[in-house]
Amino acid sequence: MNDCLLWLPIAELRDKEEHFVELPPEICQLKIIGFSKDIGSSLSLLPSFMHRLESLLVAIELKGCLSASFPEGREVAIHHVLEALTTENCHESFSLERLEVLGDAFLKFAVGRHLFLLHDAFDEGQLTRKRSNIVKNSNLYMVAIRNNLQAYMRDQSFEPNHFYVVGRPCPVLCNKQTEKDIHGLCGSRTDGAKTEVRCSKCHHWLRKKTIADIVEALVGAFVVDGGFKAAIAFLKWIGIHTDFKEPQVKSICSASKIFMPLADEVDVLGIEQLLGYSFVHKGLLIQAFIHPSYNKHGGGCYQRLEFLGDAVLDYLITSYLYSVYPNLKPGQLTDLRSVSVNNNTFAVVAVRQRFHSHVLCDSSGLRESITRYVNFIGGPDSMKRLGEEPSCPKALGDLVESCMGAILLDTGFDLNRAWHIMLSFLKPVMSFTRLQLNPTRELYELCQYYGWQLKFLPSKTDSKFLVEAMVNGENVSAAASALNINKKAAARMAAQKVCESLKAQGYRRKSKSLEQALKTATKMEAKLIGYNETPCVLASCDALEKHETSESDSDLKIFPISEELARNCNFKFKPMRKLLSAEAAVECNSDQTIMRSGSNADSKATGGSKNGSAKSLLHEICAANCWKPPLFECWKETGPSHLKEFTFRVVVEIEETSRVIEAYGNPKLRKKDAAEHAAEGVVWFLKKEGYY
């Protein structure tokens, strides 16, 4: 064996002196037959091996439980189940945090979509509160406990001195008499160091948020391996329902026609060109640009669409970051998500897309605030550093979210379409060329790292806030102030100045900044993760009209009207909630009338409103008969861009007879004239039928 010293006491005297004899290593030999140092080294790894095997067996057990409970449970991979069960406290090379970020975004989208369709009369505030009650940690904790998911969690780091060989019980006995004493030891010692006691009952000490996190992480695992369908099945199994039905989508899309009377107020074609998408239901697009302050119509605004768009953008952007940066640390992924999914980022997108020029609002204050912000964003960088930063109007970010919500609905929840439009929207933002965390947060983290004291002292001067940021520490002192009409913006500007001053003195965090981490991170192709649903089939109006016309042509009869009207305008009278196409002939029966009225019809045929407008008169007739307001829609656009002609359609529901009048005007160079021409035909027919 190797050289060694062996000390043996041979006598013990009264003065406690000890005498030793030294044995030379040459005469000492140790021989164990069949045992080598390689075997000994391998045995030293046994505790670590057994710990990992135990964790894997726990994941296999949960996978078996999921597979037996619902068919989609077989689709999730065991290594993702293990990842979803492992917290950062285990100090492994993986943890649940990345899957948790993805699962959190999907849960927000799936629950939000379900509530949006289920409660079509709820406003944005009511929907937000309902969603919060479902996705909040306290509810997820109760869901996890109800399904015993906490029993599978791995929240303890591996410590060899806590390893006990199979068959050897834990020496810390836990029973009814000692349970309180043993469990009370779990926490912190008097010196502040964390300690943990493991008892023979294998009890876990877990935080409620940690238990809630497992739900989101498992949702993320199902999204990655089984897609949306598997994730929805898992949520249903644990008691969170997120399914939806196609008729719900069709009903909400159909209801958007109430916004069509505002078609003249919104440049529908121009907005569609900005979006790169042509709407089937134009009312959704118009609704997406109606601010809550706008009162020149029957009610409704973009807030419900904003609620839906916020949820889908959150998931799409999270999917982008999760797929593009696979090796980014969970904390960095969360930070990157926070600087990507926020109102300021969306406001910049709205300005780039010029959405602000199309919003319908009656607030002069909002108009002024938007103008100041647009001028600031479009100004040179030097002026941005020197000038006062205006507050970011929330309405700008809302427009981006409401547009995405409208597109998602109009496509029947086709996330592939929404994905490509999102990429075109956020491409300049996703370059992260000027990536920066919130300066206030950055300053807090810097002070925490160095042990400095940080204070923000706000005061109000006239109508503005003056905020002073002060940092005090050993051999360091820095202060700066900023003035802004918004208190948070002033604090952010002051923090930015202090950060720049401290960095100039050489004070920086030792860890890499998010921008530095992105420069060295491996970047992969962006992918929409997990989407495997079939979009709802929302047939265009053209398809519905062709179908209805083919069924009714055989029973049509000639209706006698003036030759001039028959020559110039398409007109229909049909059962309520059925869409029919225009016909070349003039025909009718007891349920349906198709006729043509023209732009050259005598103005007296319209009955003559007070201001000479058939459109205004039509609104008066509908109000007098307690009908819904007439629906005006730009049906067709023809001709080159410099000589474009517009054809309008008008729809009026006669509720007492459950029938609908639908008229088409002649092509006109102005939308106003086209709508007026179509209205003339409807007014003429209503007068002939005795409704006016």
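**Sheet, helices and loops**

User: In β7, which residue is the bridge partner of A469?

Analyst: This is a predicted model. Strand β6 covers residues 464-473 and is joined to β7 by nine bridges. The two strands run antiparallel. Within this pairing, the partner of A469 in β7 is A480.

User: Which strands stand at the edges of that sheet, and why is one side of each left without a neighbour?

Analyst: The sheet is open and has three strands, in the order β5-β6-β7, with antiparallel pairing. An edge strand here has a single partner strand, so one of its sides has no neighbour in the sheet. The edge strands are β5 (453-461) and β7 (476-484).

User: What does the twist average from one strand to the next?

Analyst: The order to follow is β5-β6-β7. From one strand to the next, the twist averages 15 degrees.

User: Which helix packs on the sheet by touching β5 and β6, and what angle does its direction make with that of β5?

Analyst: The helix spans residues 439-450 and is α19. It touches β5 and β6. Its direction and that of β5 make an angle of about 145 degrees.

User: Which helix lies across β5, β6 and β7?

Analyst: This helix covers residues 487-504. It runs at about 145 degrees to β7. The helix is α20.

User: How are α14 and α17 oriented to each other, parallel or perpendicular?

Analyst: Helix α14 holds residues 343-353, and α17 holds residues 394-410. Their axes come within 7 Å and cross at roughly 75 degrees. Angles of 65 to 115 degrees count as roughly perpendicular. α14 and α17 are therefore roughly perpendicular.

User: How do the residues of that contact divide into nonpolar, polar and charged?

Analyst: On the α14 side, the contact is made by N343, F346, A347, V349, A350 and V351. On the α17 side, K394, L396, G397, D398, V400 and E401 take part. The division is seven nonpolar, two polar and three charged.

User: How many residues of α17 are buried, and what follows the helix?

Analyst: The 17 residues of α17 should span 24 Å at 1.5 Å a residue, and its end C-alpha atoms are 24 Å apart, which agrees. Of these residues, 16 are buried, so α17 is largely enclosed by the rest of the structure. The helix is followed by a residue with a positive phi, near 70 degrees: G412.

User: What is the distance between the end C-alpha atoms of α12, and how many of its residues are buried?

Analyst: Helix α12 runs over residues 303-324, which is 22 residues. At 1.5 Å a residue they should span 32 Å, and the end C-alpha atoms are 31 Å apart, which agrees. The helix is mostly covered, and the buried count is 21 of 22.

User: Where is H91, and is it buried or exposed?

Analyst: H91 is found in the loop between α3 (78-85) and α4 (97-118). Its phi is positive, about 55 degrees, although H91 is not a glycine. Its relative accessibility is 65%, and the cut-off for exposed is over 50%. H91 is therefore exposed.

User: What is the relative accessible area of N148?

Analyst: N148 lies in the loop between α6 (137-146) and α7 (179-184). N148 is not a glycine, yet its phi is positive, about 60 degrees. N148 is partly exposed, with a relative accessible area of 38%.

User: How far apart are E637 and K671 in space, C-alpha to C-alpha?

Analyst: E637 sits in strand β11, residues 631-638. At 30% relative accessibility, E637 is partly exposed. Leaving out residues up to four places away in sequence, E637 touches L269, K644, E645 and F646. K671 is 34 residues from E637 in sequence, and the C-alpha distance is 10.0 Å.

User: Which residues point each way from β13?

Analyst: Strand β13 covers residues 659-664, and six of its six residues are buried. In a regular strand, side chains alternate between the two faces of the sheet. One way point R659, I661 and A663; the other way point V660, E662 and Y664.

User: In β13, which residue is the bridge partner of R649?

Analyst: Six bridges join β12 (residues 645-654) to β13, and the strands run antiparallel. In β13, the partner of R649 is Y664.

Notes:
Residues numbered from 1 in each chain as written. Predicted model: local features only at pLDDT ≥ 70, side-chain atom pairs only at ≥ 80, totals over all residues. Heavy atoms only, no water. Pairing = 2+ DSSP bridges. Helix = DSSP H or I, 4+ residues; strand = E, 2+ residues; numbered from the N terminus. Axes fitted to C-alpha atoms, helices over the stretch in contact; angles between N-to-C directions. Contact = heavy atoms within 4.5 Å. Parallel < 35°, antiparallel > 145°, perpendicular 65-115°, else oblique. Nonpolar A, V, L, I, M, F, W, Y, C, P; charged D, E, K, R; others polar. Buried < 20%, exposed > 50% of the residue type's maximum accessible area, 1.4 Å probe, protein only. Expected span 1.5 Å × (residues − 1).
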